[in-house]
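Please find below a colleague's note on the structure shown here.

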Amino acid sequence: MPRTLFVSDLHLAEERPASTERFSRFLSETVPGADALYILGDLFEFWVGDDCLSGGLPARIADLLRPVARNMPVYFMHGNRDFIVSSRFSAETGIRLLPDPTVIDLYGERVLLLHGDTLCTGDRAYLAFREQVRSPAWQAAALARPIEERIALARDMREQSEDAKEGKGAAIMDVTPEAVEAAFASAGCRVMIHGHTHRPARHVHEANGGPCVRWVLPDWYESGGYLEATPSGIRAVALG
Ligand code: LP5
Ligand code: MN
């Protein structure tokens, strides 16, 4: 049976080797035979530039992805942790970078793919931060710094982000119905898949004059999981 797989929010980090091992098993046991694998952002806990690919976790993940990407398309969309992944990572692994948002044809159904952070329109502080760090000028200046400084900057940003989140209610850090409906409308889709919120679910929204389904992917901190699409539908699969 043809099938396509979707994951996000693996947040792979040196200090969480179990998640990397889970991802390695997923790539060797679950992914073979699929038509395509989509990684919808936050594959890494943070990414400070493709020039870190020569060793450690980045090199390990590149080694894991390379043989998979030789056998099927492996797509990667930026998350809010790894928005600096760029063309060298793509060239060295064979993965294909996907813009956020992207609409794909999934066995005859138009499906909207996003990381999910742009749907959290109540989180004004985050959206302002996002605009700043996604600007080419900010990125060029940041990437010009030595790698150790960039790692220190990333850790500093993480700390400030955690502090900021303490003052935010859970609702502010979730998608807004208005943003979801607008996304369905502008894409002209009835199905959407995203991650980011770490609240895996299948939601039904009224949009485009009828019911529309929004799938939210799980994170991989403790266990993880993925979505499997076949011509007969989409199902969520939890990993142990
Ligand atoms: O990540 P998560 O899910 O815990 O929280 C997000 C939002 N936070 C972020 C910030 C990232 O976690 C920071 C790490 C980025 C790593 C990239 C490193 C690149 C380094 C550069 C080297 C080239 O995305 C959080 C949301 C939450 O999702 C839910 O949606 O609320 O947003 C914030 O907390 C943002 C704050 O409200 C405001 C900004 C605080 C950080 C300020 C750092 C300033 C440093 C200077 C940069 C301009
Ligand atoms: Mn995210």
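1. In this predicted model, a polar side-chain atom of Arg81 lies 2.5 Å from an oxygen atom of ligand 1. An N or O atom in the side chain of Lys165 is likewise 2.5 Å from an oxygen atom of ligand 1. In the side chain of Ser161, an N or O atom is 2.9 Å from a nitrogen atom of the ligand. Taken alone, ligand 1 exposes 1100 Å², of which the protein buries 91%; these areas come from the Shrake-Rupley method with a 1.4 Å probe, and for residues only the protein chains shown count as cover.

2. There are 26 residues around ligand 1, each with a heavy atom within 4 Å of the ligand. Those that come nearest are Arg81, Asp123, Arg158, Lys165 and Lys168.

3. Lys168 is found in the loop between α6 (147-166) and α7 (177-187); helices (H or I, at least four residues) and strands (E, at least two) are DSSP runs, numbered from the N terminus. The side chain of Lys168 makes a polar contact with that of Asp123, at 2.9 Å. A polar contact is a pair of N or O atoms within 3.5 Å; within protein, one must be able to donate a hydrogen and the other to accept it, and residues adjacent in sequence count only if both atoms are side-chain atoms. Not counting residues up to four places away in sequence, Lys168 touches Asp123, Tyr126 and Met173, where contact means heavy atoms within 4.5 Å.

4. Helix α1 (residues 17-30) has 14 residues and reaches 19 Å from its first C-alpha to its last, close to the expected 20 Å; the expected span is 1.5 Å times one less than the number of residues. Its buried residues include Arg22, Phe23, Phe26 and Leu27 (buried: under 20% relative accessible area, 1.4 Å probe, protein chains only). The cover over the buried residues of α1 includes β1 (4-7), β2 (36-39), α2 (56-71) and β10 (225-230).

5. The largest nonpolar core has 35 residues, and Phe23, Phe26, Leu37, Ile39, Leu43 and Leu65 have the most contacts inside it. Such a core is a set of buried Ala, Val, Leu, Ile, Met, Phe, Trp, Tyr and Cys residues joined through side-chain atoms within 4.5 Å. α2 gives the most to this core, with 7 residues.

6. On conventions: residues are numbered from 1 along each chain as its sequence is written, while chains are lettered from A and ligands numbered from 1 in the order written. Local features need pLDDT of at least 70, side-chain atom pairs count only at pLDDT 80 or more, totals for chains, interfaces and linings use all residues, and side-chain values use heavy atoms, with hydrogens and water left out.

Definitions and conventions
Buried means under 20% relative accessible area, exposed over 50%, partly exposed in between (1.4 Å probe, protein chains only).
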